[in-house]
Amino acid sequence: MASYLYFILPALGGYTLTSLYLLKNPQILHKKKRAAFHCTHISHRGGKEGTVEGCSSYLQGTGMLELDCHLTLDGHVVVSHDENLLRQTGHDVTISSLNLEELPLYKDRLEVTFNAGRYSTGTDRKFTLLEDVFRKFPKMPVNIEIKEDNGLLMEKNSTMPYSFSMRRGLQLLLLYYSGLLPFVPLGESFLQFYLPRIINRTYIPEERLLKNRMVIYLIEKLTMRKSLFKHLANRGIQVHLFVCNEDPDIEAAFEAGATGVMTDYPTLLTDYLHRHRSQD
């Protein structure tokens, strides 16, 4: 057994040193992705659940709109976070069961999911077509989250740069902790993840597991790895943390190594960035 250790230990040591070196210098094995845009300021759900009125957050310093999409019964791609419209409209119906013209209106006041107890309001209460967002903001990058396993909906958005899925995100962590990440090519252009410190504070999850403080602590320790985020950024993969609706959370996200932050309050993030840029 001892004789095997003479070979195993040097091999493990060499592997570890090589992995750490390549983690810090990924350009040796991988060509850096060249993105058409780089976003520091992202408006979650368009700044107001994805209505055209809410998407006017473009005028408030936003560099990217984050939107969720579903397909109506008659084949239109509609901007909406939920498939079931009970929370947003008060009607217990699904988008996929209705034609576009049958969709109900948004509620007058809608609670902000990631800022419990606060509400958004507006005069524009109609659901928006994704194509209308593109027409309204032709030069604005749009991050589309497809909320369901719908082949037709994915086909309508198949040519865009894409983000890590939950499954791929778990694989990413396994590659990182095993030391294999520097050797593996990655097709994704974005990593988008919760800032764990908001869970059970500004964001109250429904899952019982996420209400456990120890679970959140472990998630934060396992995922908020500055060396991981820096490695991805050096490979041209943008890292966006969400949903940051208070200055301390925005600061924590950037300190963790995020290249961009997602918020429900575009003006808040704009003000934060202006203040800190002026201090640099």
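Let me begin with the record: the unreviewed UniProt entry lists residues 6-23 and 174-195 under "transmembrane region", bearing in mind that such annotations may be inferred rather than shown by experiment, and that the positions are in the numbering used here, with feature names shortened. What we have is a predicted model, in which local features need pLDDT of at least 70 and side-chain atom pairs count only at pLDDT 80 or more, while totals for chains, interfaces and linings use all residues. Residues are numbered from 1 along each chain as its sequence is written, and side-chain values use heavy atoms, with hydrogens and water left out.

Taking helices (H or I, at least four residues) and strands (E, at least two) as DSSP runs numbered from the N terminus, residues 6-23 are 100% helix and 0% strand, with end C-alpha atoms 26 Å apart. For residues 174-195 the figures are 23% helix and 23% strand, and the end C-alpha atoms lie 19 Å apart.

Now the interior, where a nonpolar core means a set of buried Ala, Val, Leu, Ile, Met, Phe, Trp, Tyr and Cys residues joined through side-chain atoms within 4.5 Å, buried being under 20% relative accessible area, exposed over 50% and partly exposed in between, with a 1.4 Å probe and protein chains only. The largest such core has 31 residues, and among those touching the most other members are L172, L181 and L232. At least two residues of this core come from each of α6 (166-178), α8 (226-234), β9 (238-242), α9 (247-256) and α10 (266-279). A second, separate core of 12 residues includes L67, C69, L71 and L130; C69 itself is buried, at 0% relative accessibility.
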